[in-house]
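Okay everyone, thanks for coming. Have a look at the sequence and the structure on the screen, and then I'll walk you through what I found.

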Amino acid sequence: GRGMNRLSKIECLLCLGRINDITRSKTHLSAVSFGFSTADWLSVIGDQPQLREGLVQRDRLVIFGGGLPIRVDGELVGAIGVSGASETEDEACARAGIEAIGLSA
């Protein structure tokens with residue numbers, strides 16, 4: 001995909017089991033592949049039940065908050081996925097991580 005060879009990721013070495021799987025999904029196939037927050041999926045799907053039902057069948061697609069794209073000068077350069085708390089807390093943690101390194105979502 002668009003510039004994927006330039007994207008890099010740092011995996012959580014302390015995440016175990018299901019949380020690590022969800023974190024990877026939020027990062028890679030959600031925020032990186034589509035370039036928007038995983039929390040935005042519901043508004044993208046809107047009132048299209050066929051789309052909602054079809055997308056949730058996709059392997060590793062996560063449609064709840066906690067995955068954010070990382071941008072430098074408006075260009076998508078990576079993503080972060082956080083899981084283990086509520087959607088709101090996961091997204092706040094992801095945003096804080098991005099801001100801590102001086103970048104934006």
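Take the contacts between residues at least 6 apart in sequence: 63% of them join residues at least 24 apart. By contact I mean heavy atoms within 4.5 Å. Now, this is a predicted model, where local features need pLDDT of at least 70, side-chain atom pairs count only at pLDDT 80 or more, and totals for chains, interfaces and linings use all residues. Residues are numbered from 1 along each chain as its sequence is written, and side-chain values use heavy atoms, with hydrogens and water left out.

How confident is the predictor? pLDDT is its confidence in each residue, from 0 to 100. The chain's mean is 78, with 80% of residues at 70 or more. Over residues 1-11, though, pLDDT is below 50, and that stretch has 17 contacts in the model beyond near neighbours in sequence. Where pLDDT is low, the predicted coordinates should not be read in detail.

On to the layout. There are 4 helices and 2 strands, running α-α-α-β-β-α from the N terminus. Those are DSSP runs, numbered from the N terminus: helices are H or I with at least four residues, strands E with at least two.

The strands β1 (residues 67-72) and β2 (residues 75-81) pair in the antiparallel sense over 6 bridges; to count as a pair, DSSP has to find at least two bridges between them. Gly 67 sits opposite Gly 81 in β2. Together β1 and β2 make a hairpin with 2 residues between them, and Asp 73 in the turn has a positive phi of about 50°.

Is Lys 26 buried or exposed? Lys 26 is buried, because its relative accessible area is 0%. The cut-offs: buried is under 20% relative accessible area, exposed over 50%, partly exposed in between, with a 1.4 Å probe and protein chains only. The Lys 26 side chain reaches the backbone oxygen of Gly 65 at 2.8 Å, and that of Val 82 at 2.8 Å too. Beyond four places in sequence, its contacts include Thr 38, Phe 64 and Asp 90.

His 28 is also found in α1, residues 17-34, but it's partly exposed, at 37%.

Last, the largest nonpolar core: Phe 36, Trp 41, Ile 45, Leu 55, Leu 61 and Ile 63. Such a core is a set of buried Ala, Val, Leu, Ile, Met, Phe, Trp, Tyr and Cys residues joined through side-chain atoms within 4.5 Å.

Methods:
pLDDT is the predictor's confidence in each residue, from 0 to 100. A polar contact is a pair of N or O atoms within 3.5 Å; within protein, one must be able to donate a hydrogen and the other to accept it, and residues adjacent in sequence count only if both atoms are side-chain atoms.
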